[in-house]
Amino acid sequence: MSAVHRPSAEADLDVITYGRASVDLYGQQIGGRLEDVASFAKSIGGSPTNIAVGCARLGLAAGLVTGVGDEAMGRFVVEQLGREGVATDGVKVDPARLTALVLLGVRDEHAFPLIFYRENCADMGLTEADVDPAFIARARALVVTGTHFSRPSVDAAGRKAIAAAKAAGRRVALDIDYRPNLWGVAGHGEGEARYVRASAVTEHLQTLLPEMDLVVGTEEEFHIAGGSEDTRAALLAVRALTEATLVLKRGPMGCVVFTGRVPDRLEDGIRGPGYPVAVYNVLGAGDGFMAGFLRGWVRGEPLETCAAWANACGAFAVSRLLCAPEYPTWPELCHFLAHGSRTAELRKDRELSHIHWATTRRPRPEGLMALAIDHRAQLEDLADRIGADRCRIATFKRLAVAAAARVADGRPGFGVLLDGIHGREALFDAAGHDFWIGRPVEQPGSRPLAFEGVDDLGSHLVEWPVIHTIKCLCFYHPDDPPALKAAQEEKLLALHDAARTVGRELLVEIIASRHGPVGDDTVAEVIARLYHLGLKPDWWKLEGQPSERAWANVARAIEAGDPWCRGVVLLGLEAPEEELVRTFETAVASPVVRGFAIGRSIFAQAAEEWLSGRIDDEAAIADMAARFGRLVAAWGTATARRRAA
């Protein structure tokens, strides 16, 4: 077992990484030239940034020292780091420079073209003044990457970080991270190049080695660090300069670790099990590997365990498209180590993919209180009945958003359900209030389920902001005829696949009471059936159940089918306020019920009065805010009573 390092003072972070941060734009068309890519997926990138995210996902407390621009891409990097749980105290926002960009593609299993846009970028603007020794001292270990010693200014900043770590009794790790064109020894078009002999780079890297406790690299990276293209000779040269633990990455063969003398046969070093998988994209795999190794190394695990976790994390990375977004979380890694995968193509393993999705989706408040105004047919019928112009529905929906905002008053846990037919402008308004936003895709009233306006949901959903949740209402009863069930289930599964493909959360609303009796087992039976088919929505939206026993059955069905489910929100079905309050009192007994998304009980009267011209905008807002506010208060009272009980 490797020794547990004892720093000189208490550390509240496990790891701080230093170096690059970028926005990666990955080509979504696989198998062609980068010149022919038509669309890109955006993610954060840069080796130290990837490592920090990978560490955080594995349960380490991670921080980052880097630079980003004072623009949308820089804010994206900082916000995403926050969502991942990475401390951003050391991230410099540079008003004079832009965030680095990288364009990447997958041509085949051997060719991965990439172009770095890093001329005078924000992370290369770091200076010694941007390194806070107190921040560095907060971590058990500092991780530096070779590329960020390629220019004098960032070299000086990196050396200051190393000195601060050493002064605080911390350990320092080096990921050699050799990118020839970022050292100026290859051209802009050679971003894919992994090795170019350069004695000046070797000499420079070797000045870092004596300060290191851990050095990690591929064979080519040890070649540049050791100054030899014979791997063992390169390792011996590195060993002559440092007593650090050396970790040699060998691709599909896993890794070999050397703690002392480099043996005659490299295979005689310390090794962990390898995990053969189908290679999809190797870019960023080394950063995932590093995060896995650090998860063990920082915590004092045996080096064999460190190597196993590193190999597994690398396997995840090469089997998926992007870099940091694809790295496993700790629950995901543990599941893989315990159960393996049903396929060598890990991205196609349904169970692993679901755990990955559920443990990396954006954090949300635990509760949700939403004003549902995604109604189309009901409001159109109302407008027609009273002779109002249907065009006014869009304005009324904006008033409903204003009413919800008045009640929320900036507090978390509020939301709206809105459609894109009459609610387009209201959706824009809602985005300014930090609301949870759900949008319907079903054709109103359809049974069997049909989608509104489009058959190809995937190409339609990709236009939605990533913060929008897909909502789908399905009228489904366990006693439905088999043909009807099959048709509806096929649609729901297609929607689930589309939602996961485009990375949007999914809320499935089930109404059973319109088409048969509802007992204590009815809705639980529906949920269990849909889980059995592979449907795993992020949210369920359900009617009030007839008893606490019925809610207990629903909870058991959800726990058995998907313990990662966010939970249930209640729907209203235009019930009177008093009835809704009684429904709340019953529902809060269930641990899976998180709140409500209620509509007509809140807006129906105001809609008729306003569309008829009998009240003005402010009166409509006030009426809806009062009704919504009373339900919010009733929900709070019910949950408080349940907690007290």
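The buried residues of helix α14 are covered by elements including α13 (392-408), β15 (414-418), β16 (436-440) and β17 (468-475). This is a predicted model, in which local features need pLDDT of at least 70 and side-chain atom pairs count only at pLDDT 80 or more. Residues are numbered from 1 along each chain, and side-chain values use heavy atoms, without hydrogens and water.

**Helix α14**
- Helix α14 spans residues 424-431, and its buried residues (under 20% relative accessible area, 1.4 Å probe, protein chains only) are Ala426, Leu427 and Ala430.
- They cover an arc of only 105° around the axis, so they lie on the same side of α14. The arc is taken from the directions from the helix axis to the C-beta atoms.

**Helix α5**
- Val201, Thr202 and Leu205 are buried in helix α5 (residues 199-206).
- Their arc around the axis is only 100°, which puts them on the same side of α5.
- Ser199, Ala200 and Glu203 are exposed (over 50% relative accessible area) on the face turned away from the buried side of α5.
- Cover for the buried residues of α5 includes α6 (219-226).

**Helices α8 and α9**
- Helix α8 (residues 285-297) packs with helix α9 (residues 303-318) at an angle of about 150°, with axes 7 Å apart.
- That makes α8 roughly antiparallel to α9 (angles over 145 degrees count as such).
- In the contact (heavy atoms within 4.5 Å), α8 contributes residues including Phe289, Phe293 and Trp297, and α9 residues including Leu303, Trp309 and Val318.
- The residues of this contact divide into twelve nonpolar, five polar and one charged. Gly counts as polar, and Asp, Glu, Lys and Arg as charged; Ala, Val, Leu, Ile, Met, Phe, Trp, Tyr, Cys and Pro are nonpolar.

Notes. Axes are lines fitted to C-alpha atoms, for helices over the stretch in contact, and angles run from 0 to 180 degrees between N-to-C directions. Helices (H or I, at least four residues) and strands (E, at least two) are DSSP runs, numbered from the N terminus. Angles under 35 degrees count as roughly parallel, over 145 as roughly antiparallel, 65 to 115 as roughly perpendicular and the rest as oblique.
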